[in-house]
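Dear colleague,

Please find the structure below for your records. A written account of the findings follows it.

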Amino acid sequence: MRPSLLAVLLACAPALASATLFKWVDEQGRVHYSDRPPLQAPQQGVSELDRQGRVKREAESAAQQRAREADEAARRAAEAQVREAARRDRALLESYRGPADVERERDRRLAENRVALQGLLAEREALAAKSAGDAALAAIDARIARQRAEAARIRARADADIQRLRLLHGEAP
């Protein structure tokens with residue numbers, strides 16, 4: 001071999017060694033091999049092969065690809081839920097020494113809520129005494145309902161935090 005030919009072969013060797021091959025079956029059932037994937041994806045999908053002809057990535061149809069992507073999305077969502085639960089557990093452990101701390105915080109927030117609710121109820125009585133219109137009474141009634149719903153959320157969140165904190169401390173729920 002001449003030195004120039006050898007140099008060309010050596011220069012091309014890395015590209016040839018790392019080249020990827022593609023295999024697919026067309027609509028007529030014929031198997032095709034190429035160094036480039038087909039322009040239009042066949043129904044059965046395209047397999048990716050290494051230089052030795054071993055399958056690197058299996059062929060998958062469009063439906064299989066959608067199912068795989070949906071599975072991956074579900075897996076990522078589940079992982080995100082696990083991370084969020086771990087973050088919430090850390091926050092609980094860092095914020096409260098025990099259930100009594102959660103109960104004190106709940107009672108403080110409920111007391112604030114009660115004061116706000118009493119103010120709204122007094123405002124409603126004043127509006128009713130002035131014979132305010134139905135729209136004004138409906139608006140204050142909606143604010144009262146939101147305040148009561150917030151009290152229920154405070155209680156539910158505190159109960160859930162107490163149960164989780166007991167589990168994290170190894171206590172019976």
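Predicted model: local features only at pLDDT ≥ 70, side-chain atom pairs only at ≥ 80, totals over all residues.

Leaving aside neighbours within four places in sequence, Asp161 is in contact with Arg88, Leu92 and Val102, where contact means heavy atoms within 4.5 Å. Asp161 lies in helix H4 and is buried, with a relative accessible area of 8%. The classes of accessibility are buried for under 20% relative accessible area, exposed for over 50% and partly exposed in between, with a 1.4 Å probe and protein chains only.

Residues are numbered from 1 along each chain as its sequence is written, and side-chain values use heavy atoms, with hydrogens and water left out.

Overall description

The protein has 4 helices and 4 strands, arranged along the sequence in the pattern α-β-β-β-β-α-α-α. Helices (H or I, at least four residues) and strands (E, at least two) are DSSP runs, numbered from the N terminus. Of the 173 residues, 20% count as buried. Among contacts between residues at least 6 apart in sequence, 44% join residues at least 24 apart.

Helices H2 and H4

Helix H2 (residues 62-95) and H4 have axes that come within 10 Å and cross at roughly 90°. Axes are lines fitted to C-alpha atoms, for helices over the stretch in contact, and angles run from 0 to 180 degrees between N-to-C directions. H2 and H4 are therefore roughly perpendicular to each other; the classes are roughly parallel for angles under 35 degrees, roughly antiparallel for angles over 145, roughly perpendicular for 65 to 115 and oblique for the rest. On the H2 side the contact is made by Arg88, Asp89, Leu92 and Leu93, and on the H4 side by Arg157, Asp161, Arg164, Leu165 and Leu168. By class, this contact of H2 with H4 has 4 nonpolar, no polar and 5 charged residues. Here Ala, Val, Leu, Ile, Met, Phe, Trp, Tyr, Cys and Pro count as nonpolar, Asp, Glu, Lys and Arg as charged, and the others, Gly among them, as polar.

Arg157, one of the H4 residues in this contact, counts as partly exposed at 44% relative accessibility. The C-alpha atoms of Arg157 and Val102 are separated by 9.7 Å, the two residues being 55 residues apart along the chain.

Helices H3 and H4

Helix H3 (residues 99-129) and helix H4 (residues 134-168) pack at an angle of about 170°, with their axes 10 Å apart. H3 and H4 are therefore roughly antiparallel to each other. The residues of their contact divide into 18 nonpolar, 2 polar and 13 charged.

- Arg106 is in helix H3. Apart from neighbours within four places in sequence, Arg106 is in contact with Ile154, Arg155, Ala158, Asp159 and Ile162. The side chain of Arg106 also makes a polar contact with the side chain of Asp107 (3.2 Å). A polar contact is a pair of N or O atoms within 3.5 Å; within protein, one must be able to donate a hydrogen and the other to accept it, and residues adjacent in sequence count only if both atoms are side-chain atoms.
- Gln147 is found in helix H4. Not counting residues up to four places away in sequence, Gln147 touches Asn113, Ala116, Leu117 and Leu120. Gln147 and Arg114 are 33 residues apart in sequence and 8.5 Å apart in space, C-alpha to C-alpha.
- Glu150, also in helix H4, counts as partly exposed at 25% relative accessibility. With residues up to four places away in sequence left out, Glu150 touches Arg109 and Asn113. The C-alpha atoms of Glu150 and Arg109, 41 residues apart along the chain, are separated by 9.9 Å.

Strand S3

Glu48 is in strand S3 (residues 46-49) and counts as buried at 19% relative accessibility. Glu48 and Phe22 are 26 residues apart in sequence and 4.7 Å apart in space, C-alpha to C-alpha. Leaving aside neighbours within four places in sequence, Glu48 is in contact with Thr20, Leu21, Phe22, Arg54, Val55, Lys56 and Arg57.

Yours sincerely
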